[in-house]
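Hi everyone, thanks for coming along.

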Amino acid sequence: PSTRSRAWRVRLPLCLGAGLRPLVASPRLGVLPLGCSKVTSAGLASLGGFTRLEGLGLSQTGMTDDDLSILAGMRRLKRLGLADTEIADRGLPHLQQLANLETLDLSNTWISEKGLIHLKGLPNLNELFLRNTKANTSNSLRVLLPNVQRGRDSDPFGDRNRRMSLE
């Protein structure tokens, strides 16, 4: 198979700031697992340039509701890990632009049932992880998002509880 069709998966050092910017120009960068990293505000700001990403792991980072606006331009994103962050209901409207999103991990965040309504317009969302949230009830998920299954894997993105290294 041609190497052109393969997407890159990159693992980065724990401390990430403006050093992410050179990766933006990488046309084949498909998955960027930044979970457990100490990504800085400069690093988060540079994420907006990663418009070709299909997978982004931000679990156990300093992501906040306001930071989610950076992700709105990532229209190809299919998998997004936001577990163990400070994300709450207020940030979820920023995800409404991600029409290709299939899998979303919001475990151990401040999400409630009230916030799930913002995910209703995501046509491809089929798996949602809500462990240890106020929205972790089968009934609310079934009613608000009838086509979405509750995720069961304990770490669907494999980006939590591991050291990041350059691969």
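Let's start with aspartate 66, which counts as partly exposed, with a relative accessibility of 47%. Please keep in mind that this is a predicted model.

Which side chain does aspartate 66 meet in a salt bridge? The partner is arginine 90, and the N to O distance is 3.0 Å. If you trace the chain, you'll see that this pair links distant parts of it: aspartate 66 sits in the loop between β5 and β6, arginine 90 in the loop between β6 and β7, and they are 24 residues apart.

Now look at aspartate 65. Arginine 90 forms a salt bridge with this residue too, and here the closest N and O atoms are 3.8 Å apart. That still counts, because the cut-off is 4 Å. Aspartate 65 is in the loop between β5 (55-57) and β6 (79-81), while arginine 90 is in the one between β6 and β7 (103-105), so this contact ties together parts 25 residues apart in sequence.

To put it all together, the count comes to two salt bridges. They share partners, and Asp65, Asp66 and Arg90 are joined into one network.

Notes. Residues numbered from 1 in each chain as written. Predicted model: local features only at pLDDT ≥ 70, side-chain atom pairs only at ≥ 80, totals over all residues. Heavy atoms only, no water. Helix = DSSP H or I, 4+ residues; strand = E, 2+ residues; numbered from the N terminus. Buried < 20%, exposed > 50% of the residue type's maximum accessible area, 1.4 Å probe, protein only.
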